[in-house]
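The sequence and structure come first.

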Amino acid sequence: MNDREDIGVPGGRADVNGARGDGRPWHARDAQAALDELGSGPGGLTAGEATARRARHGPNTLPGPARRLPLARLAAQFHSALIYFLLLAAGAAWFLGHEVDAAVIVAVVLINAVIGFIQEDKAEKALAAIHRLILPGAVVIRDGRRRTVPAADLVPGDLVCLEAGDRVPADVRLVRAKGLLIDESMLTGESVAAEKDTVAVPVPAPLAEWRGMAFSGTLVAAGQGAGVVVETGEATRIGRISRLLGAVEPLTTPLLRQVNAFGRSFAWVALGAAAMVFAFAVLVRGYVWHDALIAVVALAVGAVPEGLPAVITITLAIGVRRMAARQAVIRRLPAVETLGAVSVICSDKTGTLTLNEMTARRIVAAGQTVRVGGMGYAPEGDLSAEDGRKPSAAVLWLVRVGLLCNDAHVRQENGHWRSEGDPMEGALACLAMKAGLDPRDVRACWPRADEIPFDAQYRYMATLHAPAEGDAVVCVKGAPEALLTLCHRQMGAAGGEEPLDVRAWEAEIARAGAAGERVLGFACKTRAAPGALTHGDLAGGLVFLGIVGFMDPPRPEAVEAIGQCRAAGIDVKMITGDHAVTAGAIARQLGMADGDRVLTGADIQDLDDAALADRAADVAVFARADPEHKLRIVRALQARGTVVAMTGDGVNDAPALRQADVGVAMGRKGTEAAKEAAEMVLIDENFASIVAAVREGRTVYDNIRKVIAWTLPTNGGEALTVILAILLGVTMPLSAVQILWINLVTSVTLGLALAFEPREPGVMRRPPRAPGLALLSPFLVWRIVLVSALFAAGAFAVFAYAQARGLDLAASRTLVVNAIVAFEIAYLFNVRYLHRTSFSLRGALGTPAVLIAVALVTLAQLAFTYVPVVQGWFDTRPLAFVDLLAVVACGAVLMGLLELEKWLLRRMRVMPGGQGPAPGGDGTRTRAPHRGESRG
C-alpha cells in the first residue's frame, strides 16, 4: 500500500445505529471517536456496507433547481390588473362588433406579454452551480484497498484520501494530515489556505478554525491527508447553503412593487369610474346601452397606460447597456432601477475591497523596522527604514532566507503579476525582488539539499541549502511563536548574535497583529555537513532573524469609491470570514465609517433578529461570518427598511446575494454559484464600478419617473376628454381606436425618448430615495390634474374649431388626434427639465433620441392623416395645410402655459418631486448628513 493508501488511522470498528452518539459536532470529537461512531477503520467500509448505507442516506448529490415551464412563464405575463382591464375592454369591443378596436387592444396586450417573456430572468442556476462543485470521482479505501468511486456513491464512514489539487468530495473528519492546506475561501472568505490537522476543536469555535474538518467542494492546496466521511449531500456545509439558497424568495424591486400596487389600484378605480360613466350615459343621457359600452371602452383605452410596462422595460435595458460599458453586467433588468435606491452596500472583503494578493508590509529585524512599499505581487516599491538609514544587512539576510525557504514563483502574465504557490510565499518572493534580489540567481547560488515541508503540528517549514563554497545553511520560516521556542539567540543590530529577547519579540508580534497583519517568523543556522534535515536538527542552535507582517491590501480605487458612497448617503459595510482585527484594520485603511466597531459571528449568534437589526445599522464590519450570518445580516438591514446591495464571490455568499435587493458577484474570481445568484456581475471586480452602477441606476430611475410623468398626464387627458363628452352630452371628439393609436405611436417614440436622457448634474449628491416613496408624488398628482385638464380643454377647443370650419365628424376627429399628438410633443420638451426652463438652446435642440422620436411620430401622423389604407383603419380624413398650422400653434400655446406653471413653482420654492425643500442652483438636492457627521 503506497503512502496515499496507508492512511495511518487507528484500528477498531463499531456498529452504526444512525444516532450521533454524544451529540457533539464532528469537529469537536477526536478522530478515533468519529471512526468508532461511524463503524469505520483503517480498511474502510466493505462494499456491501457501503451499498447498504447508500440506500439509507441517499446519493451524495444536491437537488437541482426547480424550473417553471415556458408556458407557465408566458401565462405569468398576463397576470396584471391593467392587462385584465384591457382584455375586458377588448372583449366588450368585440361583442359590440368593433373588431378593429378589439384586435388593436389584443395586439397591445400580446406585444407586452412577449416583451416580458423575453426579458424575464432565466430560471435560477445557483443550485446547479453548487451541484457542479461535487466532482464525479473520489479516492476511497474500501475492503482495505484503494479505489476510485463516483463521488455520488460516498456514504458516511467512507475513508477518503486527499492530495494537492483534489476537490474534497464530502464533509470529512480528518484522521491524518501531513502538510495539509485547504483553500476554504468559498466558505470562510479567508484569503489564505487553512492549515489542517487532526486535533479536535471546542464547540464555540467558528467554521474557519475547524482544523480537523475538510468540507465538500473546497480545494486541497498542498500536502496530503485522509479522513472519514461524516456528512454527504444536503447534510454537508454546501448542502446547508443550498437549502438556504432554495429558501430565499426572490424579491420584487421597489419600482416594480410600486407599479404593481399602482396597477391594482388604478384598475379598481378605472373599473368603478367606467361603471359610473356607463350608468350615467344610459340613465341620464339616454345613450343606447351598446353605444354607452363602446364609450366606456374608449375611456378604458384612454386611461390605461398600456405602453408603460414596455417603455419601462426598454428604459431598464438601456441602463443595462450603459452599465456594460462600465464593466457591470446586469443579469436581471429590474436590478438597474433598484441600484438607484441602494442605501447600504454589504461588501465581502477578500478580492472585492482588497486585491486578494498578500503583500509584505513591514520587516522587523536586528532592532530595525523597515516599511515595504507597493501592493500586490508586482515587484514595485522600495524598502525604507523608519530610522532613516538603509535596510541593514540583517534585514536583507532575512529577506534572502524568506526567498530560499519558499516554493512560490512570481511572474508576469499579460501585464499582470501573479503568484504560483502559497500567497504568503509569493509575497516573500515579491519582497526579495523589491530588495533587489533575483530569485533565480539566489536559488541557483544556494541550491536546496533537503527540506522539511510545512506541517500544522510543528507550524514551520525548513530547508537546507548547500552552496558551492562554505557551510550549509538551514532556513526556517513559520509561526513566530513556534520559532521562538526553537531559538536561544537572535541577530543583533551590529550583525553578530545576542541573547534572545522573547518579550520584545512578543510585543512586536502583538503590535503587528493589532495592525491586522499576518506574521511570519524567520530563523537560520549554519551546518558544516549537508546531510539529511530532521526536526531534531532544529531543536537547538537556531538564530531568530525577525518577523515580516503581511496584509491583503485594499484596492486603491475602493477607498475613493467608498468616499463617493458616503457622499451619496450610502453606508458601506464589510462582511467577511476573516479575523476581526484584520477586518477592522482594512476598514480603517478604506476610510469606512465606524471601522473600529466590529461584530463577530459569535456575537451575531447570540443576538436575536430584532437585536441584530438594531446592531447591524450601527456596525460597519462583520468578521468571522458564516453563510447563515451573512444571510441574517442582510435580512436584518432590510428589516430596517434599507435597500441592500451585497457583493461577494464565493459559494458562501450565494444565499445572501440572492436575498439582497441587488446581489453583485465578481466576474473573474467569482464562483458560478455566486454569479448565478446575483443580479449583477462586475467583470473588472472593481468596487468603484459599483459606484458607477449606482449612479447609472439613479439616472435610470430619474428617466423612468420622467416617462411616468409624461405618460400618465397624457393618458389622463384622453380619458378626461371621453368622460367630459359623456357628462356634457356632446359628440365624442375622438374614437376608442384613435385613442389607442395615439397611445401606441407616442409611447414607443416620445415616451421612449425620455429613456435616453443624460444624467442630471449632482445625481450622486442626493441621499438615496426612500423605498416606500409613493409612485404618485404630490407634484405628479398635480401634473396629472393640470395636464389632463389642459389636454381635454385643448381637444374640445380644436374639435369646436373644426366644426366651425365645416369639417365633418371624421375630419374633425382627425384634427383632434393630430392636436393631441402636438400637445404630447410640447409636453415632452417641458417634462425633460422639471427643475429649470425648457426655453433654452439646449432645451430646443433636445437630444438625438428626442429629435428622432419627434420625426418618427410626425411621419406616423402624416400616414395616419393622408395614407388611404390607414384612413380606412382609423376612419380619418386628409387635412388642409392651415389646419396643420393650427395644430402646431396649439402645441406652442400648451408649452407656454406649462413653462409659466414651472416658473411659478420655482418662485414658490416647490420641489417638483414633492420630497423636500427647493433644489439648489443646479437643480439638485444637497445630500443628507451621513451618520456621525455634524449638520453644522
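Is Arg-766 buried or exposed? Arg-766 counts as buried because its relative accessibility is 11%, where buried means under 20% relative accessible area, exposed over 50% and partly exposed in between (1.4 Å probe, protein chains only). The model is predicted: local features need pLDDT of at least 70, side-chain atom pairs count only at pLDDT 80 or more, and totals for chains, interfaces and linings use all residues. Residues are numbered from 1 along each chain as its sequence is written, and side-chain values use heavy atoms, leaving out hydrogens and water.

**Arg-766**
- Arg-766 sits in the loop between α27 (736-753) and α28 (778-804); helices are DSSP runs (H or I, at least four residues), numbered from the N terminus.
- The side chains of Arg-766 and Asp-702 are joined by a polar contact of 2.7 Å (a pair of N or O atoms within 3.5 Å; within protein, one must be able to donate a hydrogen and the other to accept it, and residues adjacent in sequence count only if both atoms are side-chain atoms).

**Nonpolar cores**
- In the largest nonpolar core, of 112 residues, Leu-339, Met-574 and Phe-687 touch the most other members; a core is a set of buried Ala, Val, Leu, Ile, Met, Phe, Trp, Tyr and Cys residues joined through side-chain atoms within 4.5 Å.
- Helix α26 (residues 687-728) supplies the largest share of this core, 15 residues.
- Another core, of 44 residues, lies apart from it and includes Leu-383, Val-410, Leu-437 and Met-461.

**Helix α31**
- Tyr-866 belongs to helix α31 (residues 848-866).
- Tyr-866 counts as partly exposed, because its relative accessibility is 33%.

Conventions
Helices (H or I, at least four residues) and strands (E, at least two) are DSSP runs, numbered from the N terminus.
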